[in-house]
Every structure is written in structure tokens, then in C-alpha cells.
Amino acid sequence: MYLPYPVIEQLSESQVATWKRHFAGGGHERPRSVEEGIWRRTQDPANAEQSGWTEDASGRRRVVHYRYDYALDYTFPVPRLVLSELYLYVSHTAPADEISAYAQSIRFWLSEGRWKPQQPGVWQRGDLTVTVAEFDVHPQDERADRATPDGYRSLDVRFSSEGYSSPARTLRNLPWDVLAGGIRIKEQRGAPTISDDLTGILDFLPFQVEVGCGTSIEAGIPPLHFLHQVYRVTARKDNTLTQAHAFTLSPQADTLVQELLLDAPAKAEDLTQMFAQCFVAEPTPAHTALKALHDTGYMVGPVITHNFDVLSARAGLPEVFVRRYDQKIPPVPLLDEARSLLVIGLHADRRAVQARARAKGMRIFYVDPEGLMEDGVFKEYPIEGAREGDTVVREAAIPALARLCELLGVKA
């Protein structure tokens, strides 16, 4: 695989302008030309159904961390969106015999994929380098003073382009610092009020807004569990909800490394698809409605967003990004004049902002269908964070916000 790797072969003038205005350069709370993700899956009594935890099998672990840099490329007569740098790290801890068998498979895939050995444990093909290392005790476990189960070993695989060939210590440590924070514990849902529309928010104006992937899905961007399939986080092979699938914890069940070693360019198409879809997406009527509500003063402050599609900003709204792995409590601005927080299409694992808003005395309103259609069947997906005193409107963002504009007499 050679870099820059083309993600979109030809950009229009308007797409180039979008890149330069919203993705390139600094001045943001994070580089918007960078895509990053972390998954850490361990066996624990709290996730026994998905992880296969038992008293006799409790030490398996899989960590995935990726970070990609994107850029415009003018090598050809027309500008292209390209992947300019790649960093992908996979770590397994499992019984020693499984790690040994996995290492043997990796050696076979390296040979089949025609990777050239550079030094012990390091191979190269094109502009990518892959490093493979086995450990009796993982260095990050030593760093954290974390015990390794008897009879278990670890194996790390790190893919990197030249720019990431020696990643900074903070980058190497990041997924392990996240792991040290413990697994995500599912919250017990309270007893929120279910409403047909957002009439109740009229008594708690102005409001601030927090958005999750619901607004992105309405714009045609794949749901987040698409990435679970790309990175083999679970055993999913279809479009059913992530919660229904077991974690990928056995090295032999993990095909991610195999796919990259045998055909990195083909896998790169999967790895870059989410960023490409975010880039080509356009703001929806939901974003237009929020812009109108912001302009008339009913909504205040920036859009608090967990999405890296920049759609709120592209609709003309200020936004602050909070999906940061190095931020346990996002330092987002909750304004004194705001009397409520409107949470749109945000589900399970990003609840710190809502907790802060409640502590501040703000009323919480949710807009979310609390489920989705799969193969013609509606599958429930309840909001975990809803509490007594909150209001849930079971509707998609576009119709719910259009109705709110009608209630307020605002032209969207």
C-alpha cells in the first residue's frame, strides 16, 4: 500500500472549499483532518454475556487504536481527498497456546502478503511498516502494575506509515490510559416522561443542544456500529444492533490483522469509508432548524457534538467537540442563561454532559426514536441515561425539530 491513498478521486470546487473551511488548519479543539478511534474489550462479570467471562476464563483482552490523517492532494490535475498517514494498533491477551498459534498465522500472512523483513519483528510493504511483538507480561501491564493471568501471553501488531513509524509516547499510551479507566458500566434507566413532541421545552427556554450520531445517520452517514464491523470489534456480520453480538476476544476470530496483511489497499477502503461519508454528507433540515432556533435566541451556546462530520458547523452553527478519549469530563460550556439541555440522537456511553447539566439545575429533553428499523423490524434501543424528571420524545431529529420550530413560530 502506498501513500497518499486516494479516498475520493476527484473533488468539486465546493468540496475543496468545505475542506479548507471546516477540516484543514488549526483553530479547533481537535484536528478535524484526523480520524481516531479506540476499542478496549476485556472479560468481566459485568459483560459476561458478550465477553464469555466465567470464573475459569477471565483474562482475554483485545485493544484496538487507530489514528488516520487526511489531506488534499494536488498530484493529479484535479484535487483528491487522500489518506496521508496511517496508524493502527491491535493488542491481544489470551491463553499462551492461542497466542502462539496466532503468531504462526501472522507469519504465514506476512509471507503470503509479500511483506519484506527489515529487522527482527519488523516488516515493510510499500509505505507501510508492521511491527509484531510477543510478551509474557505486556509492558503496559507492568506500567499499570496489572497482573497477567497464569498461562496467558500478549501479542501486539502495529501498522504505521512513515510519519507514525515511531509514535509519540502519549499516542502509544492513550488506549491503555483509557483501559485503566475501567469498562463502561451500563446505567439503569429511570422513569422519564414520554411525550409526543417538545412542547414541554417551551417552559425551559433558552436551551442548549447536545447531538449524537442520530443526526449523522439522517444525513446518510453509517451508524457507529458500522465501525464495529470494520474493526471486528464484535462478531457481527450483518446490520443488527451491536449489543446482540459477542466481543471478538479470541485471536483466531480476529480477521483485522489478516485482512491488512493480505491486502492492505482493499482493507483501506473499509477503514476510510466512514470519514469519506462524513465528508460528502450535507447538513439536514434538522441542522437548518437548529440554526434558525439559534438565530432567534431560543437555542444558545455552541452545539455540543460527539460527531466528527462537522455538519453543525457546516450549517453555520458554532460547535464544540467532546468525543475525546483524554477527557473524562468534557469541559463544555454550560451557559448560565440556559434552562434546559436538548439531547438529540445520543445513546449509551456519553453521559457526562447530561450529568453536569442536571447538577446545574437544567431540565433534560431527549429526541430519539429509541430504536431503529432492521430488516423491516423495529428493534428497541432505549436511552440509558434518561431519568425521572427528563422528557423523551420518540421521534427522529428532522420531524421533531421541525415541529419545535412550528411551536415557536420560527421559520426554518
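The second largest pocket of this predicted model is lined by 15 residues, among which Thr-42, Gly-59, Arg-60, Arg-61 and Arg-146 lie nearest its centre. A pocket here is an open set of points on a 1 Å grid over the protein atoms alone, with protein on both sides within 12 Å along at least five of seven lines, and lining residues have an atom within 4 Å of a point. The volume of the second largest pocket is about 250 Å³. Its lining comprises four nonpolar, seven polar and four charged residues, with Gly counted as polar.

Local features of the predicted model need pLDDT of at least 70 and side-chain atom pairs pLDDT 80 or more, whereas totals for chains, interfaces and linings use all residues. Residues are numbered from 1 along each chain, and side-chain values use heavy atoms, without hydrogens and water.

Buried residues (under 20% relative accessible area, 1.4 Å probe, protein chains only) make up 51% of the 412 residues. Beyond its neighbours within four places in sequence, Phe-159 is in contact (heavy atoms within 4.5 Å) with residues including Leu-86, Trp-115, Val-130 and Leu-261.

Thr-284 is buried, with a relative accessible area of 6%. Leaving aside neighbours within four places in sequence, Thr-284 contacts Thr-215, Glu-218, Ala-219 and Ile-398.

Terms used
Buried means under 20% relative accessible area, exposed over 50%, partly exposed in between (1.4 Å probe, protein chains only). On a 1 Å grid over the protein atoms alone, a cavity is a set of points where a 1.4 Å probe fits but cannot get out, and a pocket is an open set with protein on both sides within 12 Å along at least five of seven lines; lining residues have an atom within 4 Å of a point. Grid points are joined across faces, edges and corners, and a volume is the space filled by probe spheres set on the points.
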